[in-house]
Amino acid sequence: MKIEIMGCPVDNVTMEEAINQISQFVHEKTVHQGVAINADKVIMAHKDHEIMEILRRTDLVYADGMPVIWASYLLGKPLKERVTGIDLFLRLAEHASKANWRIYLLGARQEVVEKTVEVLESRFPGIIIAGYRNGYWALEQEEGVAQEIARTKPDLLFVAITSPKKE
């Protein structure tokens, strides 16, 4: 169930509910988007209409920041719990390793994304890394980056680049 926190839609989900929803998205084999929302993104959404529209179209908006949780209580619409992006990422990576889902990692510096792949493969034997790429490219390369990701046919795409570019 979505609720509004300062004009921004937020799904009132627990970690388990978020994982179950994402699992359902993967089984549907269609494109869905999940976005972590924190105080910074709420402020951005109020300043940038495009970000607000992206949040409104997003399939799963989960509360990553404690200020969003606190605001939900102050506004009389308490969220069930904080769903941090890193915890969700690790839980989904574990799930992906067991379910044979293909994941793609996009973002960070090259050495960081390479180390992330190394850690995931060590921590979750059997994980399928469909591909990875750093988060730095020129605007004219964007189409090629998208095509490369599509060619790998990932079940999950994890994006670790700055907002609003990642949205």
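Colleague: Which residues does Asp-59 touch, not counting those up to four places away in sequence?

Modeller: The general idea is a distance test: contact means heavy atoms within 4.5 Å. Here Asp-59 touches Lys-2, Asp-11, Phe-25, Val-31, His-32 and Gln-33, with residues up to four places away in sequence not counted. A word on the source: this is a predicted model, in which local features need pLDDT of at least 70 and side-chain atom pairs count only at pLDDT 80 or more, while totals for chains, interfaces and linings use all residues. Residues are numbered from 1 along each chain as its sequence is written, and side-chain values use heavy atoms, leaving out hydrogens and water.

Colleague: Where does Asp-59 lie, and why does Asp-59 count as partly exposed?

Modeller: Asp-59 is part of the loop between H3 and E4. Helices (H or I, at least four residues) and strands (E, at least two) are DSSP runs, numbered from the N terminus. For exposure, buried means under 20% relative accessible area, exposed over 50%, and partly exposed in between (1.4 Å probe, protein chains only). Asp-59 is partly exposed because its relative accessibility is 33%.

Colleague: With which side chain does the side chain of Asp-59 make a polar contact?

Modeller: A polar contact is a pair of N or O atoms within 3.5 Å; within protein, one must be able to donate a hydrogen and the other to accept it, and residues adjacent in sequence count only if both atoms are side-chain atoms. The partner is the side chain of His-32, at 3.3 Å. A polar atom of the Asp-59 side chain also lies 2.8 Å from the backbone nitrogen of Gln-33.

Colleague: Let me try a strand residue. Is Ile-5 buried or exposed?

Modeller: Ile-5 sits in strand E1 and is buried, because its relative accessible area is 1%. Beyond four places in sequence, Ile-5 touches Val-10, Val-68, Ala-71, Ser-72, Leu-75 and Lys-77. Val-68 is 63 residues away along the chain, yet the two C-alpha atoms are separated by 7.3 Å.

Colleague: What about the backbone: what is the phi of Met-6?

Modeller: Most residues other than glycine have a negative phi. Met-6 has a positive phi of about 55 degrees, although it is not a glycine, and its place is in the loop between strand E1 (2-5) and strand E2 (8-11). Lys-29 also has a positive phi, near 60 degrees. Lys-29 belongs to the loop between H1 and strand E3 (34-37) and is exposed, because its relative accessibility is 65%.

Colleague: At what angle do helix H2 and helix H3 pack?

Modeller: Two packed helices are described by the angle between their axes and the distance between the axes. The axes are lines fitted to C-alpha atoms, for helices over the stretch in contact, and angles run from 0 to 180 degrees between N-to-C directions. Helix H2 (residues 39-47) and helix H3 (residues 49-57) meet at about 115 degrees, and their axes are 5 Å apart. H2 contributes Lys-41, Met-44, Ala-45, His-46 and Lys-47 to the contact, and H3 contributes His-49, Ile-51, Met-52 and Leu-55.

Colleague: Which residues touch the most other members in the largest nonpolar core?

Modeller: A nonpolar core is a set of buried Ala, Val, Leu, Ile, Met, Phe, Trp, Tyr and Cys residues joined through side-chain atoms within 4.5 Å. The largest one has 27 residues, and Leu-88, Ile-103, Leu-105, Leu-120 and Leu-156 touch the most other members. Elements that each supply at least two of its residues include helix H1 (15-28), strand E5 (102-107) and helix H6 (110-123). H1 gives the largest share of this core, six residues. Leu-120 touches Phe-89, Ala-93, Ile-103, Leu-105, Ile-127 and Ile-129, leaving out residues up to four places away in sequence. There is also a second, separate core of 18 residues, with Val-10, Ile-37, Met-44 and Ile-51 among them.
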